[in-house]
Amino acid sequence: MSTEAIDLDRHPLTHWTAPLGLPDFTAISDDQFAPVFDAALAAHETEIAAIAGNEQEPTIANTLEALELAGEALGRVSAIFWGRAGAHTNPQIQALEREIAPKMSRHFSAIYMNEALFARIDSLYARRDALGLDAETARVLEKTWKRFVKAGAKLGAEDKKRLAAIGERLASLGAQFGQNVLADEAEWALFLDDGDDLAGLPDFLKDAMAEAAESRGQAGRFAVTLSRSIIEPFLTFSARRDLREKAFAAFTSRGENGGETDNGAIVKETLALRAEKAKLLGYTSYAALKLDDTMAKTPEAVMELLVPVWEKAREKAAADKAELERIALAAGSNDKIAAADWRYWQEKLRAEKYAFDEAELKPYLQLDRIIDACFDVANRLFGLTFEEKKGIIAAWHEDVRVFEVKNADGSHRATFLADYFNRPSKRSGAWMSSLESGYRLGDGASPIIYNVMNFAKPPKGQPALLSMDDARTLFHEFGHALHGILTDVTWPSVAGTSVSRDFVELPSQLYEHWLTVPEILEKHALHYRTGAPMPKALLDKMLAARTFNAGFATVEFTSSALVDMAYHAEADAPEDPGAFEAETLRRLAMPDEIVMRHRTPHFLHVFSGDGYSAGYYSYMWSEVLDADAFSVFEETGGVFDPEMAGKLRTFIYSAGGSRDPEELYTAFRGKMPSPEAMMEKRGLI
C-alpha cells in the first residue's frame, strides 16, 4: 500500500472513532502499521518544514505552539503500536519494531538538528524575558530549547551526522534487547507433576501453575514460569531445593544464555555508544548528560543518597542472614544459604516472628477487590469515579478492561484501560503509559491512560489472588495512572508523567501508602470464599511485618541502582560489561546470598531503551519524597484530609512538568525532605 493511498484523517490507526475517544481496535490489523507509519512520518516532515520555513518573525504561536501540535497522526499510530509491542506482541510486530525504532530515531534527529527550526526556537529563547510569558509557557520554551541542544542542534555538520547515527543504532539495540529478554522468558518453563514436585506449595500457587501449564499445552501438569507472580512465590514456598535452584538459575540468567537471545554484545555496544554520545555533547559522562535536567543534577548527588542506604542495607541483610541460618539449621538443613534459598527461609522466619505467612494473606487479596480499593482511594482523595464498560469497547486483547473516569460533578475526566494478566506475548514487569495525554492547547485532549501488569491468570471461574507485593504493584502503577488522569496543563509536552525521571516515581510510590491504611484493608481485603474481612489479628501482624526483610529488598534494589550508575558515570565504557558488573559488586561487598533485582543481561529499565539509564536510582530518590509526603497526612490526623488532598492534587498529581519539581514539592510540603524518613520507613534505622 502506498503512502498516497492512506487518508490519515480517516484511517483507524489515526482517526479514533470508538466510544470514549478510543481507537477502533476491531478495525486494526498488524499489516496496517508499516504504511501508516510511513504516511504519518511524511505528514510530520511536511508540518516541520512549514514551521521551519515560515518567513514571519518567530512567535510562540507560529513556532512553539505549532511544533507542539504537529505530528498528531504520528503520535496516534505510535501510541497504538508501542502499546502492542509491549503488551501483546508477535513476530510481525517484533520485526516491525526493529525497523520502526531506528526510523523514528532518524526522523526526530532530523527535526532537532534542523538549523532553520532551531534558529526560530533559539530566537524565542533569547527574547524570552521580553515576551511576557506565563510560567508554564516559559518552562516549555526552556525545556524545548534544551532538548534541541541536547539532541545536537549546536554541533557541526559531521558531529550531527555521527550523533544521529548513534541515536539510530541505540534505538535498534534497545528494541533487540527487550525482544531477547521476552524470548527467554516466554520460551522457558519448568513442568512439574503432582506429588513431591509440589511439596510446600500453597493451593493458590498450584492453581496458577496449572493454568500456566494448560496455556502451554501441558494440561494436568504444573508450570513454573519466569513471570514474577509465579517464580517468586515458587522460590518462597517450594520445599524442593533442587527445583528452586533450577528455577532461580533460569530467572537470573535471562538474556545471558548464548545464541541469538544473548544480550552481552548489545550491552557492550550500547554502553560504548552512550559514552561517545556524551562526549560529542560536551559532558564528562553519560550519567552527567542524563542527570543534567533532574532533581539530583549530578552523579555525586546520587551517590550521596545511595551509599549510606547501601551500607545500612548490607548491615541489615547480614543480621537477617544469621537468622536464616539459625532457622535452616533448626529445620535440619546443613546447606549454606544460597541465593535460591533466601526467600524460602525468609518465609519460615516471618512465620516464626509474626505467626503468619504470605499464603495467609492471599485469600483476602482478590484482584477485583484491590482494584476497587485503588478506585476508592482515588474517590476519597480526588472525587473521581470509575465506571467499567464491560463488553462495550474492544481493546488490544480480550483481557483488557475499559473504564470511564468521571469528575466529582459527573463530567468526563479520562479513559482508563487495564491489562492485568501475564501471557507469553507480553513483556515482563508492570507499567503505565498513555494512548493520549491530557492538555488544553489547540483543540485540547482528555487523557487515555493504561496500566499493564503480569499477574498470574487464575483457572476459569476462579478469582485472581494477589500477593502483598502484587497489590503494591497495582497501587504503584495506578498512582502513575492518576498522574496522567489528573493532569491539568496547557502544553502537551509537560502533561502527566512528562517530568524529571527522579520525580516521576513520587505519585506512584506515594499512592502505595494508601494500600495499607487499615480502613482501606478492612473494607476491601475480604476473603474470596466467605466475604469476611481480614481478621484484625492478621491485619495487625501484616502491618507489624511491613519492614520485615528490609535488608534483602534494599540490597536487591540498591545494588542494581549502583551498578547502573557505575556503568554510566565513567567517561569510557567498560570493555567487558559482565566483568565490570562482577567487579563493581565485589567492590561493594555484595552479599553472596543476594542477587541484583535486575542483572545487566535483562535490565530492561536501563537497556531496553533509554528511559532509566543512569536513572534507576530515581525510585529511591522519589521514595525519600514519598515517605516525607505521606507523613504530612499522618501529621494532620487523617490520611484523607481534604485540605492536604487538594494540595496533593494541585502540586503533585495535576501539575505535570509545568513547574520545576523541587518548586512543586516545596509548594506541597513547605520544604524538601532528608533521607532519614525513607530509611526509617524501610526499617533500616
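Lys143 lies in helix 6, which covers residues 135-150. The model is predicted. In sequence, Lys143 and Gly657 are 514 residues apart. In space, their C-alpha atoms are 9.8 Å apart. Lys143 touches Gly657, and its other contacts beyond four places in sequence are Asp293 and Val494.

Asp293 leads on to Ser500, which touches Asp293 as well as Thr294, Met295 and Pro661, leaving aside residues up to four places away in sequence. Ser500 sits in a loop, with helix 17 (468-485) on one side and helix 18 (501-504) on the other. Is Ser500 buried or exposed? Its relative accessible area is 11%. Buried means under 20%, so Ser500 is buried.

Next come the helix pairs. Take helix 8 (residues 203-215) and helix 9 (residues 228-237). Their axes come within 11 Å and cross at roughly 135°. That angle makes helix 8 oblique to helix 9. The crossing of helix 8 past helix 9 is left-handed. Which residues meet here? Helix 8 supplies Phe204, Leu205, Ala208, Met209 and Ala212. Helix 9 answers with Ile230, Pro233, Phe234 and Phe237. By class, this contact has 9 nonpolar residues, no polar ones and no charged ones.

Now compare helix 13 (residues 299-330) with helix 25 (residues 618-636). These axes come within 10 Å, and the crossing angle is roughly 80°. Helix 13 is therefore roughly perpendicular to helix 25. On the helix 13 side, the contact is made by Ala301, Leu305, Leu306 and Val309. On the helix 25 side, Met620, Trp621 and Val624 take part. The contact of helix 13 with helix 25 holds 7 nonpolar residues, with no polar and no charged residues.

Helix 11 runs over residues 264-280, 17 residues in total. From its first C-alpha to its last, helix 11 reaches 25 Å, close to the 24 Å expected at 1.5 Å a residue. Its buried residues are Ile266, Val267, Thr270, Leu271, Leu273, Arg274, Ala275, Ala278 and Leu280. Arg274 and Thr270 are among them. What do the buried residues of helix 11 pack against? Their partners are helix 7 (157-187), helix 12 (286-291), helix 22 (550-569), helix 23 (577-587) and helix 24 (604-607). After helix 11 comes Gly282, with a positive phi near 85°.

Helix 16 (residues 367-382) has 16 residues. Its end-to-end C-alpha span is 22 Å, close to the 22 Å expected at 1.5 Å a residue. Buried residues in helix 16 include Leu367, Ile370, Ile371, Cys374, Phe375, Asp376, Leu381 and Phe382. Helix 16 is followed by Gly383, whose phi is also positive, near 75°.

Most residues other than glycine have a negative phi. Asn549 has a positive phi near 65° and is not a glycine. Asn549 is in the loop between helix 21 (536-544) and helix 22. With a relative accessibility of 9%, Asn549 counts as buried.

Ala589 is another non-glycine residue with a positive phi, about 60°. Where does Ala589 lie? Its place is the loop between helix 23 and helix 24. The relative accessible area of Ala589 is 35%, so this residue is partly exposed.

Technical notes:
Residues numbered from 1 in each chain as written. Predicted model: local features only at pLDDT ≥ 70, side-chain atom pairs only at ≥ 80, totals over all residues. Heavy atoms only, no water. Axes fitted to C-alpha atoms, helices over the stretch in contact; angles between N-to-C directions. Helix = DSSP H or I, 4+ residues; strand = E, 2+ residues; numbered from the N terminus. Parallel < 35°, antiparallel > 145°, perpendicular 65-115°, else oblique. Left-handed = near helix turned anticlockwise from the far one by under 90°. Contact = heavy atoms within 4.5 Å. Nonpolar A, V, L, I, M, F, W, Y, C, P; charged D, E, K, R; others polar. Expected span 1.5 Å × (residues − 1). Buried < 20%, exposed > 50% of the residue type's maximum accessible area, 1.4 Å probe, protein only.
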